[in-house]
Structures are given as C-alpha cells and as structure tokens.
Amino acid sequence: MKIIVAGDYCPHGRMLQSNTYLDAIAPTIQSADYAFANLECAICDTESSPIAKIGPNLRADAHHLDILHQAGFNGVTLANNHFADYGEKGYQQSIAELQKRNMLYVGAGKNQAEAQQILYINHPDGTIAILNACEHEFTIADINSPGCHHYDPISLYYQILEARQKAQYILVIIHGGTEHVSTPSPRMQKEYRFLIDAGADLVINHHQHRYLGYEEYHNKRIYYGLGNFCFDWETNTNQLFHPWNMGFLVDIEIRNGQIMSSIIPYQQNANQVGVFLLQDEQIEKFNNYILHLNEILQNPILSNTVYNDEIDAKSAQFELLSQNYKTKIGVALYRRGILPRIVSKKYVLNLLNAIRCESHKDRFISYLQNYLKEHSII
C-alpha cells in the first residue's frame, strides 16, 4: 500500500484563474493508493458568513475540489485553522461536496465527538488508522457545533490506544507550529516524540507555510513541517526557493509488515502557477538545506536557540498585546516609536501569570470567551 500526504491546499491568487495548476504533479499523486492533502479552506458559496477570528477567512468554490480530486487526491485532512472559517453553513457545504466525490476525510465533524473520529483504511497490506488534529485557534468543534478536532496529546494518547486495537499501522497528522519559523518549538518536539512512544508509527505536521526538518525517533519518523502544497500568495510570486514556495510530499510505503517513508520535494506557485517536482541542482540544494535542518533537530541547545531567535523577530503581534493602545491611530503611532511603552512591569507579570500557569490559563480563556459571548462578538 502506498499513501502520499501533502501539506496546505488553498486555491488563492493566480490559482483562481487556472484549472491546470496540479497537472504537473498529478502523475506522482496518482501513483499512490491513497493521497491526502490538507484542505486549508472551506468549500462553500459566497452566501456563507465568515466567523469572527484573527487572520483571513478562506474559502474556495467546489470546482477547485474537482481539480484536487482529478489530480489523484482521494482524501483530505480537515483539522486546521481555516476549514471551519465559514461557520456551520460553510461546514455543511464542505462536507457535502466531499461526499459527492466520495473523498475520504478526517479531522472535522458536526460536533466534538464526530470531529475526533479515527479514519480506518482497510487494505490487503494491513489496516491503517489516521488521526488528525490541529492546535486551538478559531475553528475547533465543541459539544454542539461543528469544527475541527483539537490537538491535545493526552486525548491523542487514548485515541492511539483505541486505534491499536483495530489497526496494524497508526499515522498521526497534526496542523500546528509557529508560522514562518524553520524549527519546531521544544514543546512540539517533546510532544510528537511522546506520540511515537504512545504507539504512533509516523507523525506528520504542517501549518508553518515553510518546510521543516524530520528525524528518526525510536526507529520511527517525525516530519515537523511539510510546507505549503499548493497555496499561491501575491507577495511570494517569482521567488524561487522562497520558503513559502517550497515543500515536500511524504511518500509512505507499507509492505511485508513494515511502514517506510521518504520525501518528494517540489516548488509551488513561484515563477509559474502550479506544483512542480524539483530537478537536478534544485534537488541537491533542497537536500543540503533539509539535512542542515535535521542536524539542528538533533542538537537541543542549537534547536532552542534557533527557534527563540526566529520567534523574537516575529514578536510584534504579541508586543501590542502587552501594551494598552487600542485604537488604530494609537497602534500606528506606537509602532513608529512616537508613543512610548505605557504598561507597567506588574501588568506584564500579571499577563504572563495568566497564560503560563495552567489553572490561571483555564480561567483566563473562560473569561475571554464569556466576554465575547456577552458582547455578541461570537
């Protein structure tokens, strides 16, 4: 049995004017028995209402699902921070379009219980269980409303135990991590290794909009970031080897009781629209860089240093949260250095305590959610 797993798929930019953007990669995809892409948007009409959130609300017309399907993808992972961007109506339309095409899906549901269901694929080479979850942003299912499966290593531990009773192989696919950062956080590496210890045979992550390294852990592989699969973005066009425009497929082979995996690198939506396998010197350049990323993963001190340096360079969003400028004018003047920092040390310490302590964080999240409901913001 051969399975291919791809990263983020979102019809955007120049892709909206093309029907052939997956033609070049299609033979590779079609070589697999099963191929899954991460559907990083809702498939719904323009009458669906976007949810309140931070970041863009992403949607696409159903014919882009046809393009994905015709390229050879017979399944999608749905647990991400955009699939439920258009609320219940968008969710229902998306699922209906997937079902019309008999496409497999995992990672979302009409409620919390359905969203966390495991996908089992039965094959003569053995049964594989696929678990899919994402970090908690704005698209998570709850007890009564649709959305995505929340990533929680404790819950996944019990799901892995459940899957082991029915399947010979367990694949965990997660959507998470810090965008545009080249190494996973120490927390991610610790938790993903834990999932292997719990019984997963392979762990794959995407979300960061760039590819990361991978490692062998207890003779099993963890891929920390696949990069975008097909996701055009205006500011990154015509930039070969820009992190946004590079990525790799995970090619999984199951035979003779063994699960093996390798990578298939490509570039996407750079100087031309679409996904294209790397050639010759491009492959050599890619391999050299990913070996460099893999070496960083094996050095905890270096990995932590690289991660912290990169997230420090992207801290503006959180710096504003620690200040007290609420208007657009105030924020703009603060960013230009015209207005000073006005928050006290005690305020910052109180904020840190609210989000670092597990029990305080529970209370803080509950307070913020209740505030939004009371003010009819969600």
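**Exercise 1. Placing Tyr151**

In which loop is Tyr151 found? Describe also its burial and its contacts.

Solution. The structure is a predicted model.
Step 1: Tyr151 sits in the loop that runs between β10 (147-148) and α5 (153-164).
Step 2: its relative accessible area is 6%. Buried means under 20%, so Tyr151 is buried.
Step 3: leaving aside residues up to four places away in sequence, Tyr151 touches Ala133, Cys134, Glu135, Leu156, Ile174, Arg187, Glu191, Tyr192 and Leu195.
Step 4: for a distance across the model, take Asp312, which is 161 residues apart from Tyr151 along the chain; the two C-alpha atoms are separated by 25 Å.

**Exercise 2. The faces of α7**

Determine which residues of α7 are buried and how they are arranged about the helix axis.

Solution. 
Step 1: helix α7 covers residues 281-297, 17 residues in total. From first C-alpha to last it reaches 25 Å, close to the 24 Å expected at 1.5 Å a residue.
Step 2: the buried residues are Gln282, Phe286, Ile290, Leu293, Asn294, Ile296 and Leu297.
Step 3: viewed down the axis of α7, these buried residues fall within an arc of 155°, so they line one face of the helix.
Step 4: Glu281, Glu284 and Glu295, on the other side of α7, are exposed.
Step 5: the cover over the buried residues of α7 includes the helices α6 (186-198) and α8 (300-312). Strands also contribute to that cover, among them β13 (214-217), β16 (246-255), β17 (258-268) and β18 (275-277).

**Exercise 3. The crossing of α11 and α12**

Classify the orientation of α11 relative to α12 and describe the contact by residue and by class.

Solution. 
Step 1: the axes of α11 (residues 345-356) and α12 (residues 358-374) come within 5 Å and cross at roughly 95°.
Step 2: angles of 65 to 115 degrees count as roughly perpendicular; α11 and α12 are therefore roughly perpendicular to each other.
Step 3: α11 contributes Leu351, Asn353, Ala354, Ile355 and Arg356 to the contact, and α12 contributes Glu358, His360, Lys361 and Phe364.
Step 4: sorted by class, the contact has four nonpolar, two polar and three charged residues.
Step 5: α12 itself has 17 residues and reaches 24 Å from its first C-alpha to its last, close to the 24 Å expected at 1.5 Å a residue. Ser376 follows α12 and has a positive phi, near 55°.

Terms used: Residues numbered from 1 in each chain as written. Predicted model: local features only at pLDDT ≥ 70, side-chain atom pairs only at ≥ 80, totals over all residues. Heavy atoms only, no water. Axes fitted to C-alpha atoms, helices over the stretch in contact; angles between N-to-C directions. Helix = DSSP H or I, 4+ residues; strand = E, 2+ residues; numbered from the N terminus. Parallel < 35°, antiparallel > 145°, perpendicular 65-115°, else oblique. Contact = heavy atoms within 4.5 Å. Nonpolar A, V, L, I, M, F, W, Y, C, P; charged D, E, K, R; others polar. Expected span 1.5 Å × (residues − 1). Buried < 20%, exposed > 50% of the residue type's maximum accessible area, 1.4 Å probe, protein only. Arc of directions from axis to C-beta.
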